[in-house]
Amino acid sequence: PAPLLQIRDLHLTMQSYDGTAHVLNGIDLTVRRGEIWGLVGESGCGKSLTGLSVSQLLSRPPARYPRGKILLEGRDLLRLPAAEMQRLRGKRVGMIFQDPTTNLNPSFRIGTQLADVALAAARHDPALLGGARGGLARRRAAMALAGRMLEAVGIPEPQERLHAFPHQFSGGMRQRVLIAMALIGQPALLIADEPTTALDVSVQAQILRLIRDAVTERNMGVVLITHNLGVVAETCSHVAVMYAGNIVETGPVKEVLERPAHPYTRALMQAIPTADTPRGSLRGVTGAVPNLISPPPGCRFAPRCARATATCRAALPAPVLVGTEHAVACIHLPERIAAHG
Ligand code: SF4
Ligand code: MG
C-alpha cells in the first residue's frame, strides 16, 4: 500500500503587499504508520506552513502551490475537491495546535464540543457511533464516545467533566481535550504543531507520552512540529530539519542527533543554551533567516554557512544518503561524516 503521507517537491508561495514569498521550496517527506516525525527549525522556516498545507487550511490565495504533491494514502490533497477534503479532515487527518484556548469555544461544555466533532466525523463513518440511528440516539452515542475519549487522554472523572466548561480546566487538561478532539474521528495521520510549548515541563511530558501511546495503540503516523530538540529526542522516531523553506536533513532521530551532518543542524545542536533559552531550544544560531521574497540563490543557508563556496550558490543541493535513511542536502559534507560512510 502507499505510504500514509508522501510530500513530493512541494512548493508554496504566499502573496503579500510586499511581494511573493517563496516559503516552501521543494519539500520531500514520507511518513509511515507508526512513525513520529519531528519537524524542527527556527521560527519562520516553514514548519507550520508545512503542517497547514497537509491539513489544507491555507486559503488559496494568498497561498499558492505552483509545484508538487501532498499524497495521503496515495491521493493528492492539492487536487481534491473541497468537500472531499472536508471529509478527510478529522477523519483521516487530525490536528492539534499550540494554544488550547483558541481551539475550544469558551461558551460550550467540553462534552458538547467533543460530541459535535464525533457527530461530524460519523456522518462519513457511521460505525464511529456504533451505527446509532436517529438524532437522539446518535447524540447519546456521541456523548458516550466523548466520555471514553476523555478517559483515554487521562482526564479524571470523565463523565462529570463532560459537563464542564473550558475555563474550568487547566491548560494541560485543555490540551488533553484537544488531543481527544483530534483523535475522536480516528485519524490515520496526526499533525501536532507545538502541542506542548505553552505547557509546563511535567504536563509537557504527559502530553508527549499520550501522543506516543496513541501512535502505538492506533498505528497512526504523526508530524510533530517543534522548535525543541529535546522534545524530538524524547518523542520522535524520525526527524526532518527545515531551513528557510527547505528540508535540509532527515533520518532516524538517534542517527541525526548523534551524527548531525548538515551545517545548519550542527549549528542548531551547538547553540549553547543560556539561562533564558530552555535546553534544546533553537535560539543562538548566529545570523538571521533570509527574506523569502528574494531568497538567496542555491543553498539558502549559504549566507550563514562557514563552508559556503560559489558552488553552493549555483544550485539548490540535492539530498544525499550519509547513512541508513539518513539524508543531507549539502554539497560540502563534513569529513567526519564522510569517514563514517
Ligand atoms: Fe553550507 Fe554549501 Fe552545505 Fe549550503 S551546500 S550548507 S552553503 S556547505
Ligand atoms: Mg510555527
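Two strands count as paired if DSSP finds at least two bridges between them, and the strands themselves, like the helices, are DSSP runs numbered from the N terminus (helices are H or I with at least four residues, strands E with at least two). With that in hand, let us walk through this predicted model, where local features need pLDDT of at least 70, side-chain atom pairs count only at pLDDT 80 or more, and totals for chains, interfaces and linings use all residues. Residues are numbered from 1 along each chain as its sequence is written, while chains are lettered from A and ligands numbered from 1 in the order in which they are written.

Start with the open sheet, where 4 antiparallel strands run in the order β2-β1-β4-β5. Its edges are β2 (19–31) and β5 (75–76), each pairing on one side only. Strand β1 (residues 5–16) joins β2 through 10 antiparallel bridges, and here you can find His11 opposite Asn25 of β2.

Now step back to the whole chain. An automatic or database domain assignment supplies the bounds: domain 1 covers 5–92 + 187–340, and domain 2 covers 100–186. Their C-alpha centres are 30 Å apart. Where they meet, 14 residues of domain 1 contact 16 residues of domain 2, a contact being two C-beta atoms, placed from the backbone, within 7 Å. On the domain 1 side, α2 (82–91) and α8 (201–218) each give two or more residues, and α8 gives the most, with 6.

Finally, look at ligand 1. The residues surrounding it include Cys299, Cys305, Cys312, Cys330 and His332, with a C-beta atom, placed from the backbone, within 6 Å counting as near.
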